[in-house]
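Visitor: I would like a close look at a single part of this model. Please keep it brisk, and tie that part to its surroundings.

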Amino acid sequence: MLFRSLKTKKIMGLFDALMGNASEVSSHKVAEEFAPILINGEEVVKSFRLIRDMFVFTNKRLILVDKQGLTGSKVDFHTIPYKSINHFSKRSNGLLDLDAELIIWVKGSDAPLIKEFRKGENINDVYKVLSTYVL
């Protein structure tokens, strides 16, 4: 029975990712993967996968991971120190909209960073964590 529930959970996580939901990723696994770019005393707190892209929240910064191209072989790691975020917003037709965008304004940038979500429910998880570290 336990095997089935773990298997079902993995399948649902894959389904959520394919549908555009931000699914939470194990902080321990992400910390191992990101070890080469983390500084002393930096810890991965939460991370979310959105199809191929990721939001990685550490105790010091937000790392946006953008996989590019058809194969995803080219990866852009965009670091945003929390103190550099002027403001951020969630754009949708309501709290539980099917399509939503997370918009982040960074000091020194003319244009905001925009990440699209196909289902708005799980944008709220990312929005809450961002709120925790910016506010």
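Which residue in S7 does Ser89 stand opposite?

Guide: Ser89 stands opposite Ile103 in S7. Keep in mind that this is a predicted model.

Start with the strands around that position. S6 and S7 pair in the antiparallel sense, over six bridges. They belong to an open sheet of three strands, ordered S6-S7-S8, with antiparallel pairing. S6 and S8 are the edge strands, and each of them pairs on one side only. From one strand to the next, the twist averages 15°. A helix packs on this sheet: H3 touches S6, S7 and S8. The direction of H3 makes about 160° with that of S6.

Now step off the end of S6. Ser92 sits in the loop between strand S6 (85–91) and strand S7 (100–106). Ser92 counts as partly exposed because its relative accessibility is 26%.

Turn to Ile104. Neighbours within four places in sequence are left aside here. Ile104 is then in contact with Leu62, Ile85, His87, Phe88, Pro112, Leu113 and Leu130. Ile104 is also among the residues with the most contacts inside the largest nonpolar core. Several elements give two or more residues to it: strand S2 (44–50), S3, strand S4 (61–68), S6, S7 and helix H3 (123–134). Apart from this core lies another, of nine residues, with Phe34, Met54, Val56 and Val65 among them.

Next, the aromatic rings. The structure holds five aromatic pairs. In one of them, the ring centres of Phe48 and Phe57 are 6.3 Å apart and the planes stand at 85°, so this pair is edge-to-face. Phe48 and Phe57 are both buried. Phe55 and Phe117 form a stacked pair, with 5.8 Å centre to centre and 20° between the planes. That pair links distant parts of the chain. Phe55 lies in strand S3 (residues 53–58) and Phe117 in strand S8 (residues 113–117), 62 residues apart. Phe55 and Phe117 are buried as well.

Now the other core again, by way of Phe34. Phe34 is one of its residues, and Phe34 also belongs to helix H2 (residues 27–34). The buried residues of H2 are Ser27, Val30 and Phe34. These residues lie on the same side of H2, because they cover an arc of only 65° around the axis. An α-helix has 3.6 residues a turn, so residues three or four places apart point the same way. The buried residues of H2 pack against S2, S3, S4 and strand S5 (74–81). On the face turned away from that buried side, H2 carries the exposed residues His28, Lys29, Glu32 and Glu33.

Finally, the whole chain. The protein chain has three helices and eight strands. From the N terminus on, its elements run α-β-α-β-β-β-β-β-β-β-α. Of its 135 residues, 36% are buried. Take the contacts between residues at least 6 apart in sequence: 36% of these join residues at least 24 apart.

Conventions. Residues are numbered from 1 along each chain as its sequence is written. This is a predicted model: local features need pLDDT of at least 70, side-chain atom pairs count only at pLDDT 80 or more; totals for chains, interfaces and linings use all residues. Side-chain values use heavy atoms; hydrogens and water are left out. Helices (H or I, at least four residues) and strands (E, at least two) are DSSP runs, numbered from the N terminus. Buried means under 20% relative accessible area, exposed over 50%, partly exposed in between (1.4 Å probe, protein chains only). Rings of Phe, Tyr and Trp (its six-membered ring) pair if their centres lie within 6.5 Å; planes under 30 degrees apart count as stacked, over 60 as edge-to-face and the rest as tilted. A nonpolar core is a set of buried Ala, Val, Leu, Ile, Met, Phe, Trp, Tyr and Cys residues joined through side-chain atoms within 4.5 Å. Contact means heavy atoms within 4.5 Å. The arc is that of the directions from the helix axis to the C-beta atoms. Two strands pair if DSSP finds at least two bridges between them. Axes are lines fitted to C-alpha atoms, for helices over the stretch in contact, and angles run from 0 to 180 degrees between N-to-C directions.
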